[in-house]
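Welcome! Here is a friendly walk through one protein model, for someone meeting it for the first time. Have a look at the picture, and then read on.

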Amino acid sequence: MFLGILVFLSALSISAVAIYYSVAGLVAIFAAAAVPIIIMGTALEVGKLVTAVWLHKNWSRAAWWLKTYLSIAVFILMFITSMGIFGFLSKAHVDQNLSSDTVTQRIEIIDNKVQAENSYIQRQKDVLERLTGQSTGSNDRFNQDIAIEQKKIEDAYKRLEVLDADVEAFTSRNKGFGGTGRVKQGLEVRKSQQPERDRINDQINTAQENINKLRAGINDQIDKNTTEIKTIEQNIFDAQGRIEQLIIEQEPLKSQLMKLESEVGPIRYIAEFVY
C-alpha cells in the first residue's frame, strides 16, 4: 500500500513538473499568445494524463480504432510536452548565454579602455623623455654659448692687461725723464690706447649682456620644461587612477561572469544533449 502511494505521488510530481515546464516552454516559443498557450498547454497536458489512464483501464474493452486514435494522440501530446520542455531549456540556455555575452562584452570594453589608457601613458612618457632630452640638450647648448662668451671676456681682459703692460714698459724705458714727465708720457700712451680700450670694454659689456640673456633663457626654459613636466606627470597620474578605477569596476563583472559560466554549464550540457 505504502509503495503504491509513493509511486502515485512520484508519478504525480513528475507529471506536474513536466506540465509546468512544458507550458512555460510553449509560452517562451509562442510568447505573442501567452494566455491562450497557457490554457491550451494545461488542457493538453491534463488530457494526456487522463487519456493515458483511460487506455490503461480500458485497453481490453476499447475498440481497436479508439485505442489507435488515443494512442496516437498520447504520443503527439508527449511530443508537444517534449517540445515545450525543449523550448524552456532553450530559452534558459539563450538567456544565460546572452547574460554571459553581455558581461563579456562589458569586460572587453573595459579592457579596451585600459589598453587605451596604457597607450596614453606610454605616449606621455615618450613626450616626457623627449622633453627631458631636449631640456638637457638646450642646457648644454646654453652652457656652451655661455662658455664662449666667458672666453671672450677673458680674452678681452688679457688684451687690457697687455695694454697696461705696454704702458708700464714705455714708462720704464723712459726713466731719464722726470717723474712728472714719465707720468705725462704714460698718460699720452694710455690716451692713444683709449679707442682700443673702449672697443675691448664694449666687447666685454656685450659678452656680459649675452651671458645674462643666455642665463635668462636657461631659466625660462627650465621654468617652461618644469611646468610641462609637471603637467605630463599629472596626466600620467590621472591615467593610472583611471586604470585603477576601471580594474575595480571590472572585478565584479569577472566574478559575475564566473558565476554565469558555472550556472550555464549544466544548462548548456542539457541543451546540447537535447539538440
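Lys-67 is found in helix H3, which covers residues 64-173. Is Lys-67 buried or exposed? Its relative accessible area is 18%, and because buried means under 20%, Lys-67 counts as buried. The side chain of Lys-67 comes to 3.3 Å from the backbone oxygen of Trp-59. Once neighbours within four places in sequence are set aside, Lys-67 is in contact with Leu-55, Trp-59 and Ala-62. Trp-59 therefore turns up both as a contact of Lys-67 and as the residue whose backbone oxygen the lysine side chain reaches, with Lys-67 itself buried.

**The chain as a whole**

Now step back to the overall layout. The chain holds four helices and zero strands, and reading along the sequence gives the pattern α-α-α-α. Helix H1 runs over residues 2-29, helix H2 over residues 34-58, helix H3 over residues 64-173 and helix H4 over residues 179-274.

Of the 275 residues in the chain, 27% are buried. The chain exposes about 18800 Å², and carbon and sulfur atoms supply 63% of that area. Among contacts between residues at least 6 apart in sequence, 80% join residues at least 24 apart.

How confident is the prediction? The mean pLDDT of the chain is 75, and 77% of the residues score at least 70. Confidence is lowest in H1, with a mean of 73, and highest in helix H2, with a mean of 79. Where pLDDT is low, the predicted coordinates should not be read in detail.

**Two salt bridges**

How many salt bridges does the structure hold? There are two.

One of them pairs Arg-242 with Glu-117, the closest N and O atoms being 3.0 Å apart. Arg-242 lies in helix H4 and Glu-117 in helix H3, so this pair ties together parts that are 125 residues apart in sequence. Glu-117 is buried, at a relative accessible area of 16%, whereas Arg-242 is partly exposed, at 37%.

The other salt bridge joins Asp-155 and Lys-151, and here too the closest N and O atoms are 3.0 Å apart. Asp-155 and Lys-151 both sit in helix H3, four residues apart, which is about one turn of the helix. Asp-155 is partly exposed, with a relative accessible area of 25%, and Lys-151 is partly exposed as well, with 44%.

**Residues that meet across the sequence**

The table lists some pairs that are separated along the chain, with the spacing of their C-alpha atoms.

| Pair | Apart in sequence | C-alpha to C-alpha |
|---|---|---|
| Leu-160 and Arg-197 | 37 residues | 6.8 Å |
| Tyr-120 and Asn-235 | 115 residues | 9.1 Å |
| Thr-231 and Gln-124 | 107 residues | 9.9 Å |

Leu-160 lies in helix H3 and is buried, at 12% relative accessibility. Leaving out neighbours within four places in sequence, the contacts of Leu-160 are Arg-197, Ile-200, Asn-201 and Ile-204.

Tyr-120 also belongs to helix H3. At 22% relative accessibility, Tyr-120 counts as partly exposed. Which residues does Tyr-120 touch, not counting those up to four places away in sequence? They are Asn-235, Ala-239 and Arg-242.

Thr-231 is located in helix H4 and is partly exposed, with a relative accessibility of 41%. A polar atom of the Thr-231 side chain lies 2.9 Å from the backbone oxygen of Thr-227.

**A patch on the surface**

The last stop is on the outside. Leu-3, Leu-6 and Val-7 make a nonpolar surface patch of about 290 Å². Leu-3 is placed in helix H1. At 61% relative accessibility, Leu-3 counts as exposed, because exposed means over 50%. Helix H1 is where confidence in the chain is lowest, at a mean of 73.

Terms used: Residues numbered from 1 in each chain as written. Heavy atoms only, no water. Patch = residues over 30% accessible without salt bridge, like charges linked within 9 Å, V, L, I, M, F, W, Y side chains within 5 Å. Areas by Shrake-Rupley, 256 points an atom, 1.4 Å probe, with all protein chains shown as cover. Salt bridge = Lys/Arg side-chain N within 4 Å of Asp/Glu carboxyl O. Helix = DSSP H or I, 4+ residues; strand = E, 2+ residues; numbered from the N terminus. Buried < 20%, exposed > 50% of the residue type's maximum accessible area, 1.4 Å probe, protein only. Contact = heavy atoms within 4.5 Å. Polar contact = N/O pair within 3.5 Å; in protein donor to acceptor, adjacent residues only side chain to side chain. pLDDT = per-residue confidence, 0-100.
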